[in-house]
Amino acid sequence: MKLLYLKRTCQNLCPRCGKGKVLKDIFSRRDFCNVCEFEFNRENGFFLGGIPVSYTLICTFWIVPWLIAYFFGWATVAMTIICSILGSVAFTYLGYAYCQCLWLGLYFCFANNEMPVLDSTAENE
């Protein structure tokens with residue numbers, strides 16, 4: 001397992017060269033690295049793996065804190081439900097491209113034998 005690939009994608013960098021950006025902006029991702037020309041898409045439906053990553057992040061960092069606030073009496077039922085729903089919908093749209101980026105890193109973290117070797121001539125340019 002190579003955590004380097006996950007570290008690079010957490011920083012929005014190409015998992016292969018660590019120099020090019022994976023995301024164009026907050027809503028879209030590139031198809032290729034603009035430095036080493038590595039194709040990010042592995043196969044049709046590959047980036048559907050970003051859905052469970054998004055779901056995990058939403059539950060962990062948004063829903064659970066609101067539930068904890070409700071159980072301790074810091075938030076009302078209505079506020080907990082409304083904020084949980086609104087935040088979940090907002091994070092889904094704002095964070096899905098980044099979750100695809102994280103999925104790319106997780107994939108190569110565990111399937112590092114599928115990472116193509118970086119050509120040494122591209123490294124020197």
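The largest share of the nonpolar patch, six residues, comes from helix α3. The patch lies on the surface and consists of Ile26, Phe27, Leu67, Tyr70, Phe71, Val77, Ile81, Ile85, Val89, Tyr93 and Leu94, with about 1100 Å² of accessible area together. Patch members have over 30% relative accessible area and no salt bridge; like charges are joined within 9 Å and nonpolar side chains (Val, Leu, Ile, Met, Phe, Trp, Tyr) within 5 Å. Accessible areas were computed by the Shrake-Rupley method with a 1.4 Å probe, and for residues only the protein chains shown count as cover. At least two patch residues each are supplied by α2 (50-71) and α3 (77-110). Helices (H or I, at least four residues) are DSSP runs numbered from the N terminus, as are strands (E, at least two).

The model is predicted: local features need pLDDT of at least 70, side-chain atom pairs count only at pLDDT 80 or more, and totals for chains, interfaces and linings use all residues. Residues are numbered from 1 along each chain as its sequence is written, and side-chain values use heavy atoms, with hydrogens and water left out.

Tyr93, a member of the patch, lies in helix α3 and counts as exposed because its relative accessibility is 61%. Here buried means under 20% relative accessible area, exposed over 50%, and partly exposed in between (1.4 Å probe, protein chains only).

The largest nonpolar core has 18 residues, of which Cys14, Cys33, Phe38, Phe40, Leu104 and Phe108 touch the most other members. Helix α3 provides the largest share of this core, five residues. A nonpolar core is a set of buried Ala, Val, Leu, Ile, Met, Phe, Trp, Tyr and Cys residues joined through side-chain atoms within 4.5 Å. Residues up to four places away in sequence not counted, Phe40 is in contact (heavy atoms within 4.5 Å) with Cys14, Pro15, Lys21, Val22, Arg30, Asp31, Phe32, Cys33, Phe46, Phe47 and Leu104.

Met115, in the loop between α3 and α4 (120-124), is buried, with a relative accessible area of 10%. Its contacts, not counting residues up to four places away in sequence, are Tyr5, Pro15, Arg16, Phe38 and Phe108. Met115 and Phe38 are 77 residues apart along the chain, and their C-alpha atoms are separated by 9.5 Å.

Ser54 is placed in helix α2 and is buried, at 5% relative accessible area. Beyond residues up to four places away in sequence, Ser54 touches Phe91, Thr92 and Cys99.

In helix α1 (residues 3-10), Tyr5, Arg8 and Thr9 are the buried residues. Seen down the axis of α1, these residues fall within an arc of 95°, so they line one face of the helix. The arc is that of the directions from the helix axis to the C-beta atoms. The cover over this face includes α3, whereas Leu3 and Lys7 are exposed on the other side of α1. After α1 comes Asn12, whose phi is positive, near 60°.

One salt bridge was found in a search of the whole structure. The side chains of Arg29 and Asp31 meet in a salt bridge (3.8 Å, N to O), the criterion being a side-chain nitrogen of Lys or Arg within 4 Å of a carboxyl oxygen of Asp or Glu. Asp31 is partly exposed, with a relative accessible area of 48%. Arg29 is also touched by Lys24, as is Arg30, not counting residues up to four places away in sequence. Lys24 is found in the loop between α1 and α2 and is exposed, with a relative accessible area of 53%.
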